[in-house]
Amino acid sequence: MIKVLLVDDQSLIRQGLKALLELEEDLEIVGEAEDGESAIKLVEVLSPDVVLMDMRMPVMDGVATTREIQKRFSKIKVLVLTTFDDEEYVTAALQNGAMGYLLKDTPSEELAFAIRAVHKGYTQLGPGIVKKLLTQFPNATPTQAPPPQSLIELTPREREVLRLIAAGGSNREIAHQLYISEGTVKNHVTNILNRLNLRDRTQAAIFANSFLPYLND
């Protein structure tokens, strides 16, 4: 069972998230906090596995709270869930230890999947967030160097999936665009990460953006 702490200054948001996530058999909502200061106190008492964190809150915002949690409770994973996709928020949250950044319009099943992935140590970024993040990485610009053998050995379908990951597509969006199931997309993503020796989708997106000319051929 994955223990989740909800942190959001709007009680209606917390109630809605709790109702949706408690439908998942492997997720348990162990507590709620309306600001960062309260969240840190609850983290100390409840020892959640994952903290679902809002960004703009009174007393202590999401960035400061994430930084403090990672400083004091480094094993606890933080997944940001907010309405703000500004580059400064995304960058600040990830630089201070957040393992993921999603927007509040994320479907409940994708949010549940992200919680599980973050709990396992994988980074999760919502559609469009990857593009904003890539602007912070100067080495992510396309290169004229020949692609590595591991990239050449990907199947045509895997290269298509990788190209769409680089564009910030979610599994659902990729499945819709390629007319395949989400389960098939997940299998392709797993194969891509293994064959390229990458940790998660963020690394895959950064890697793919370095070889876009090859992927777009």
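1. Which residues does Gln124 touch, not counting residues up to four places away in sequence? Gln124 touches Met99, Gly100, Tyr101, Leu102, Phe113, Ala114, Ala117 and Val118, where contact means heavy atoms within 4.5 Å.

2. On the basis of these notes: this is a predicted model, in which local features need pLDDT of at least 70 and side-chain atom pairs count only at pLDDT 80 or more, while totals for chains, interfaces and linings use all residues. Residues are numbered from 1 along each chain as its sequence is written, and side-chain values use heavy atoms, with hydrogens and water left out.

3. Gln124 lies in strand β6 (residues 124-125). Strands here are DSSP runs of E with at least two residues, helices are runs of H or I with at least four, and both are numbered from the N terminus. The relative accessible area of Gln124 is 12%, so the residue counts as buried (under 20% is buried, over 50% exposed, and in between partly exposed, using a 1.4 Å probe and protein chains only).

4. The model has 13 salt bridges, a salt bridge being a side-chain nitrogen of Lys or Arg within 4 Å of a carboxyl oxygen of Asp or Glu. Three of these pairs are described below.

5. Arg172 and Glu109 form a salt bridge with an N to O distance of 2.1 Å. This pair links distant parts of the chain, with Arg172 in helix α9 (residues 171-178) and Glu109 in helix α5 (residues 108-119), 63 residues apart. Arg172 is partly exposed at 33% relative accessibility, and Glu109 is partly exposed at 39%.

6. Arg172 also meets Glu110 in a salt bridge, at 3.6 Å from N to O. Here too distant parts of the chain are linked: Glu110 is in helix α5 and Arg172 in helix α9, 62 residues apart. Glu110 has a relative accessible area of 18% and is therefore buried.

7. Which residues are linked with Arg172 in a network of salt bridges? The network consists of Glu109, Glu110, Arg172 and Glu182.

8. Glu158 and Arg195 make a salt bridge whose closest N and O atoms are 2.8 Å apart. The pair links distant parts of the chain, from Glu158 in helix α8 (residues 156-166) to Arg195 in helix α10 (residues 182-196), 37 residues apart. Glu158 is buried, with a relative accessible area of 5%, whereas Arg195 is partly exposed at 36%.
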